Amino acid sequence: MILGSMAPRRRWLLLGLTALAAVALIAAGTVVITRLTSDNKPGGAPVAGSPTPTPIATPTPSPSGPPPGADITGPLNLLLVGVDTRVSVPGWEPHSDAVLVLHVPKGLGQAYLFSLPRDLLVDIPAFPKAGYKGGKTKLTHAMSFGSRVPGKPKEPSTTQGYELLRSTVAGYTGLRIDAGAVLTFNGFDRLVNALGGVDIYVDQRVESMHRRPDGKYRESVPGGYTGPQQVYEKGEQHLNGWQALDYARQRYITGGDYARQRHQQQLIKALTRKILDEGLARQPERVDQVVAALGDTLIYVGGRRIVDIAYALGGMPENKFVLVGLPGSGVGKGSAYRGEQLTAVGRKFITELRAGRADAYLAANPTLVVKN
């Protein structure tokens, strides 16, 4: 089957599941597909911010040959990372504020998206490339430690930081990471605006720590911020770029960082629905506009091209995409907070996921399934 024969909604669904949490990959992949199916020209644009210049598009496959990605049968594990906004500051080491894993089991008929707490206590392996000797600390530091380039203290490498984060997540989960993406929060803001905003059900009242109702940043004072706050009331809301980003960043709310993880997942799924409903794959000029808006705020890292993975996920039903929230608790003695750990129920999900028993486990623990 060649890509041009896919139904538009199916085509967008597979791209949404390819990148999902870094929804920017949806846009990048669609550029490839749009060009393959519209003008049949060989070559194409590289993924925005890719550390290598290799183009991700190829000539349209011959009807008699197998399509790209035909040999991918699963399982697939994609690591999707959101980094804080200060990466634009010279010498600032990137921290992973959002760490999500998309697992697609063998057969590619189901997908599970779960988050790992940024403060999760993990064993970070030694990473000679950055001069890091290894240790047990918060997950968010893995990218920071890995980004250090010896002899260039003011030139951290986000791509190199991703390498150490990927090794750390693989070691903790026992999952082989096949590909992934890093998206800055500024890139996420641009993406939402390029799509015309997003509709989402806000499941609890959220007061912004960072923004005023007019979108400007609140004034920083010793111990926090001052001034009027943007508030997201419970119920259906339409959010623009800065609002979506701001809402997904808040963790000093009821439920803490676990509520923030849930909101990030819900926002990602809402964006995927938005793209499906728009039929963006039928609008090449809009797709190019979205990708151009991202610029260098996206880095794609993987052994296989986006278009390969997109083809491979083409048969996945829409109702087989599951959001999973893993519960956890703080670690430390008294006021000496060290980080977070997953509860036994949360850790067991990852074990059952690796063993191919995720559905049965979620049926026995329905509170792990995130509603949207």
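1. The buried residues of H10 pack against several elements: strands E2 (96-104), E3 (111-116), E14 (321-324) and E16 (336-342), along with helix H4 (158-173) and H11. Please keep in mind that this is a predicted model.

2. Which residues of helix H10 (residues 344-354) are buried? They are Gly-346, Phe-349, Ile-350, Glu-352 and Leu-353. Viewed down the H10 axis, these buried residues fall within an arc of 165 degrees, so they line one face of the helix. The spacing has a simple background: an α-helix has 3.6 residues a turn, so residues three or four places apart point the same way.

3. A backbone detail to look at comes just after H10, where Gly-356 has a positive phi of about 80 degrees.

4. Now to Gln-250, which sits in the loop between helix H6 (241-249) and helix H7 (256-278). Is Gln-250 buried or exposed? Its relative accessible area is 2%, and because the cut-off for buried is under 20%, Gln-250 counts as buried.

5. The side chain of Gln-250 also reaches the backbone nitrogen of Met-209, at 2.9 Å. Leaving aside residues up to four places away in sequence, Gln-250 touches Val-206, Glu-207, Ser-208, Met-209, His-210 and Arg-260.

6. Finally, Pro-366 is in the segment after helix H11 (358-364). With a relative accessible area of 53%, Pro-366 is exposed. Pro-366 and Val-324 are 42 residues apart in sequence, and their C-alpha atoms are 9.6 Å apart in space.

Terms used: Residues are numbered from 1 along each chain as its sequence is written. This is a predicted model: local features need pLDDT of at least 70, side-chain atom pairs count only at pLDDT 80 or more; totals for chains, interfaces and linings use all residues. Side-chain values use heavy atoms; hydrogens and water are left out. Helices (H or I, at least four residues) and strands (E, at least two) are DSSP runs, numbered from the N terminus. Buried means under 20% relative accessible area, exposed over 50%, partly exposed in between (1.4 Å probe, protein chains only). A polar contact is a pair of N or O atoms within 3.5 Å; within protein, one must be able to donate a hydrogen and the other to accept it, and residues adjacent in sequence count only if both atoms are side-chain atoms. Contact means heavy atoms within 4.5 Å. The arc is that of the directions from the helix axis to the C-beta atoms.
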